[in-house]
Amino acid sequence: ASAEKGGFPSFMEKEIFDQPAAVADTLLGRSDADGRLTLDELRIAPEELAEISKIVVLACGTSAYAGSVAKYAIESWCRIPVEVELSHEFRYREPIVDEKTLIVSISQSGETMDTLMAVRYAKEQGAKTMSICNTNGSTIPRESDAVLYTHAGPEIAVASTKAFLAQITATYLLGLYLAQLRGNLFQGQIKDILADLGKIPSKIQDILDRAEEIKDLARNMSDANSVLFLGRHVGYPVAMEGALKLKEIAYIHAEGFAAGELKHGPIALIDDGQPVFVVVPSPRGRDSLHSKVVSNIQEVRARGAKTLVIAEDGDSAVKDFSEWVFYVPETPTLLMPLLATVPLQIFACELASAKGFDVDQPRNLAKSVTVE
Ligand code: AGP
């Protein structure tokens, strides 16, 4: 088993370190030199895809957070409305879907019963179904009209890491493909975004090379009994995912919030010493998103929070308000989750290990949930 872990103490840590390859392999062979997407494998005719009027993403857990990230990118690039819904919630209301709806299910295992049942239901209603999946030949892609495989390689640890980054990557390819089909972006824009995606693996590597900075923090926080995570825009699902990782393997109460929601309630939770991770968007982005989040850091800090910040290289504005800062390389805002998630994964993995837990086999959880 230790050989299979490639010298790492756990599958989870190995899989975190596999992420440059997971993203690179998911991008590989899916566009040509001119930046044209070539998703011939999809099995849905381009004319049909060009006609869809909305996308509904169905998934559970971490895969649903990948869907939440995808919503921002696909809506921005394709101007198609994207809903993201937990499979088990979708299935048992009366969702409005028809022939012009594209269902995009996201599942690492391809066997999650909640998602399978939701896909079957949508298909019965006449929707087109596309599966983003990491497991070749599994049930959900077999039952879907189309499939786009993530090429993360087998994921063994119960807590999903590399599949998540590969899922985000695959949804981005899908978004760019739809933008190409529908003419929403110029070819040059698609080419530029693909070039930025192509740089992500080495930027993840840069983060992994500095893992020790994050591990140090995690080891010092092994007695924490609650950790909060804040983010805005694409940083919001990243915050949710950071919290889920900590619950799953370190059994610590953790919650992710949209930073703008703080003043509507959650800020009451902040008291002296409360650890709060904040995912800060690029200061180069539009819409004053950055300054809004910096104010949120100040607000929680003023109430005694211990502020732990993930920010972009060169962002000096956060320094004065943070107990600890980890810088990730520069990238366009929409691609930021592919970087900002990584330190949160390392943090959870190291903290759980420091507490002596088996990070690969957390209590009460199974790798694939095949019951409804
Ligand atoms: C992630 O760390 C979880 N173990 C869990 O939330 C998982 O993402 C969820 O059960 C969905 O699984 P799937 O991607 O195989 O469908």
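Predicted model: local features only at pLDDT ≥ 70, side-chain atom pairs only at ≥ 80, totals over all residues.
Residues are numbered from 1 along each chain as its sequence is written.

I then listed the buried residues of α2 (residues 19–27), which are Gln-19, Pro-20, Ala-22, Val-23, Thr-26 and Leu-27; buried means that 20 or more other C-beta atoms, placed from the backbone, lie within 10 Å of the residue's own. Seen down the axis of α2, these residues fall within an arc of 165 degrees, so they line one face of the helix, the arc being that of the directions from the helix axis to the C-beta atoms. Just after α2, I found Gly-29 with a positive phi of about 70 degrees.

For the whole protein I recorded 14 helices and 10 strands, taken as DSSP runs (H or I, at least four residues, for helices; E, at least two, for strands) numbered from the N terminus. Buried residues make up 52% of the 372 residues, and the C-alpha trace spans about 55 × 45 × 40 Å along its principal axes.

Last, I looked at the ligand, which 16 residues surround, the closest being Gly-61, Ser-107, Gln-108, Ser-109 and Thr-112; a residue counts when its C-beta atom, placed from the backbone, lies within 6 Å. Helix α4 (residues 61–78) gives the most to this shell, with three residues.

Technical notes
Buried ≥ 20, exposed ≤ 12 C-beta atoms within 10 Å, placed from the backbone.
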